[in-house]
Amino acid sequence: VDVQTAESIIEVKEYTETGHQVSGLDPATLYDILIYTKTDISASEPVKIQQSTAPESIPFPEVNTVSETSVTLIEKISLVELPSDLRTDKLIVRYVEVNELDGSAVGAEKTMNVALNGAKGDKRFTISGLVGGKSYGITVFLQVQYRGRKMPSASTDRLIITTPFGGSETDKVKSQFDKIKHNTDSRINSIDSAVDGQKRKLDGLSGQVDGIINEANQKIAALEAAAMANITSQQTILSGIAKRSCIETGINYYTGSVIAKPRTNSIFHCLSECRKKAGCNGASWNTKTTFCSMSSQRRGSQPSIDKQIVSINRVCYDTLTGEAAKWKSCIKERTDYGGADISGAQSLGFGTEWDCMAWCINTATCKSITYRASDGHCWLKHKPYGDRQSSNAALTSISLECMQS
């Protein structure tokens, strides 16, 4: 058996049985295979078979858009060199929910087929049915056909994306604060009534034995401790919801120069050191080397995939924390922050004012936004309150400086 390209024979093997494998070939290459029999005195006429090998791998998919329930990716098939007779069949997309801290799978893997039907241009496709606020690992294969035989490429490296929380984020945060405040106020009122009752009972028992007085005091202390524990628990829940969107696992923000690079024990220790460093607006922490790479930019100049890295946008993290009164005072409904637009930083199609604010948080010079719900128009501003404030029933404006105060 001679295996050859158009230029020369690259391998000659003698077989006496069927079922042998020819290895060491190049990927995505068309080969002539010549088969003939040979004796001590003669050789038969060769039979030529043409066969192509599958592509070794395909480019890492690009993220086009991410919503609460879906992600749209672009696979650059145009960058894959394929013989003219090798026909693209489909993309095989596998995705699974993963732990956002260590990337381990937490659900069953799902598969989606994206038909190509011979097309060799870039392919845009959407994975639907995702859940807001969850992280997903995605890998892609290219399946090709040569004369009816299907051949898959190697898998891409795993892409990890995190879907945003759904609904109107402003309304959600307001509603959650109002619910927490209502529940906490109701419990405090109930506790106050119980405390008053215990105090009245204590006053009435002042002439009785000390043991009864001590028991009443212990009940008062237990009720006060329960109130404090409830308030702390509610704040912790809300804080966790807000902070998750500012930490990205498997994403390296900073591939260039850094302003400082100390070793830290965790991403939160890295954030603490960033706050102490003048000019630090974000950091990436290496889980293996424990280096904390700090940058003046919120999300770096060139974010990249790296499974050993956990990155944090300090401006985002510090903005999404605080008391309910801060949120209510900073989100100005029916208000326009006129002027001070960042050149080129306006776009349609944002689902909520909070989606618009997320764009601002990740834009270096952005200090406030104005949002129009009717068409999803978002304007980024380079001043905390624009050049001027005016009333406009169709607009909502938010100051990043106010949110961080």
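The protein has 405 residues, of which 40% are buried (buried means under 20% relative accessible area, exposed over 50%, and partly exposed in between, with a 1.4 Å probe and protein chains only). It contains seven helices and 21 strands (DSSP runs numbered from the N terminus, with helices being H or I of at least four residues and strands being E of at least two). Residues are numbered from 1 along each chain as its sequence is written, and side-chain values use heavy atoms, with hydrogens and water left out. Because the model is predicted, local features need pLDDT of at least 70 and side-chain atom pairs count only at pLDDT 80 or more, whereas totals for chains, interfaces and linings use all residues.

**Overall contacts and surface**

- Of the contacts between residues at least 6 apart in sequence, 65% join residues at least 24 apart (a contact means heavy atoms within 4.5 Å).

**Salt bridges**

- The whole structure holds five salt bridges (a side-chain nitrogen of Lys or Arg within 4 Å of a carboxyl oxygen of Asp or Glu).
- One of them pairs Asp341 with Lys381, with 2.5 Å between the closest N and O atoms.
- Asp341 belongs to strand S18 (residues 341–347) and Lys381 to strand S20 (residues 377–381), so this pair ties together parts that are 40 residues apart in sequence.
- Asp375 and Arg372 form another, their closest N and O atoms being 2.8 Å apart; Asp375 is partly exposed at 33% relative accessibility, and Arg372 is partly exposed at 25%.
- Asp387 and Lys383 also meet through their side chains, at 2.8 Å from N to O; Asp387 is partly exposed at 45%, as is Lys383 at 36%.

**The surroundings of Lys381**

- Setting aside neighbours within four places in sequence, Lys381 contacts residues including Tyr337, Gly338, Ile342, Thr365, Cys366 and Thr370.

**Helix H3**

- In helix H3 (residues 267–276), the buried residues are Ile267, Cys270, Leu271 and Cys274.
- Viewed down the axis of H3, these residues fall within an arc of 100 degrees, so they line one face of the helix (the arc is taken from the directions from the helix axis to the C-beta atoms).
- Their cover includes strands S14 (282–286), S15 (292–295) and S16 (304–313), together with helix H4 (314–319).
- Ser266 caps the N-terminal end of H3, with a side-chain oxygen 3.3 Å from the backbone nitrogen of Phe268.

**A nonpolar surface patch**

- Ile35, Val47 and Ile49 form a nonpolar patch with about 240 Å² of accessible area together (patches are made of residues with over 30% relative accessible area and no salt bridge, with like charges joined within 9 Å and nonpolar side chains, namely Val, Leu, Ile, Met, Phe, Trp and Tyr, within 5 Å).
- Ile35 lies in strand S3 (residues 30–35) and is partly exposed, with a relative accessible area of 38%.

Definitions and conventions:
A polar contact is a pair of N or O atoms within 3.5 Å; within protein, one must be able to donate a hydrogen and the other to accept it, and residues adjacent in sequence count only if both atoms are side-chain atoms. Accessible areas come from the Shrake-Rupley method with a 1.4 Å probe; for residues, only the protein chains shown count as cover.
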